[in-house]
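Hi,

Here is the structure I promised to pass on. My notes on it follow below.

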Amino acid sequence: MSAEPAPAAAAPEQAPGPDPPAGGADPPEHRALVLTGFGGYEKIKVQTRRGGGPRPGELSVRVRACGLNFADLMGRQGLYDRLPPPPVCPGMECAGTVCALGDGVRDRQVGDKVMVLARSGLWQEVVNVPAGQTFLMPEGMSFEEAAALLVNYITAYMILFDFGNLRPNQSVLIHMAAGGVGTAAIQLCKTVENVAIFGTASASKHDSLRESGVAHPIDYRTMDYAEEVRKISPKGVDIVLDPLGGSDTTKGFNLLKPMGKLITYGVANLLTGQKKNLMAMAKTWWNQFSINALQLLHHNKAVCGYDLGYLDEEFELVGGVVAKLVNLYSQGKIKPKIDSVWPFDQVGDAMRHMQEKKNVGKVILVPEAPKEESKKEEN
């Protein structure tokens, strides 16, 4: 599941991309964000690219908005193995308008507004992608919302309902509750009756969390969240969403009630600064949770692992989840929360904003600086 892959090498001023078609005039240039090497924020650069038209089974999308995800921060430091080596265009999700169809594409039309999901390659003004990796935007959805839906809401939905089997009157601990997956998980929890939500976030975000439905916000910077959960719910919780890894996975497992489920879906503890921190990596892996099947049997608990990047060939499975999410959006039960919108030229600032955990909701990248006019008029 990927946009057109980058070649192994590229000229410094030109983003990696497919060769232009032979014969005739060169296709027009477009801008792309390119990871030129692993490291700090300066490693992502805006470069120009010439791409050909869509191949059979593909379509071209004029991109209007892209999602920034935690995996993109990990990828910049060389910590995300689903991202091809640099130079490479990152980007797992975007939204835009279909501008050309390849041979054999029957279920899309030029002018359709679509959401796109891929392993990488979507942080560009124009992308060529297999038609099966696109999903029609529901009525009334903005391009920014569409770019915020797929990765975070698919992740939260599958963790809570496919692995977690969330039911009425249960309790859930959501780490990084003000982030993209966190806000998605909160909204999805609210679709189930009487779910008690515990959410960790810095104190400045607690009012926002309460407004969104978190009954028990916890400041992880000044409190031991495990102790705070136990004060309110001595037996613990039914489901723990763990994007942290390391010793926090162990703490989460110990917080589970009998028949509880911990779903680990990230290793955010590896990110401590702009560049790869070998000490943080060593500490995280040294403290990584480990348990054998016999111990699980005695505990009456479950541990699950989730990585959307490794479901890139499961089109039917992922498509079924997207259909459910679109239905929930159309019913008004979920709505992506946009924290901020940044032009491609400010991608480093956007990454810093997210890595320093200043966001409440989704961070969005757009090819051009956001305009003041109404998004409804644009869409």
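Is Asn 169 buried or exposed? Asn 169 is exposed, with a relative accessible area of 56%; buried means under 20%, exposed over 50% and partly exposed in between, using a 1.4 Å probe and protein chains only.

Before the rest, two housekeeping points. This is a predicted model, so to speak: local features need pLDDT of at least 70, side-chain atom pairs count only at pLDDT 80 or more, and totals for chains, interfaces and linings use all residues. Residues are numbered from 1 along each chain as its sequence is written, and side-chain values use heavy atoms, with hydrogens and water left out.

Back to the backbone. Asn 169 has a positive phi, near 70°, though not a glycine, and sits in the loop between helix H2 (143-163) and strand E8 (171-174). Helices (H or I, at least four residues) and strands (E, at least two) are DSSP runs, numbered from the N terminus. Met 176 also has a positive phi, near 50°; its place is the loop between E8 and helix H3 (180-189), and it is partly exposed at 24% relative accessible area. The Pro 86 to Pro 87 peptide bond is cis, with omega near 0°, and Pro 87 belongs to the loop between helix H1 (70-76) and strand E4 (93-101).Cheers
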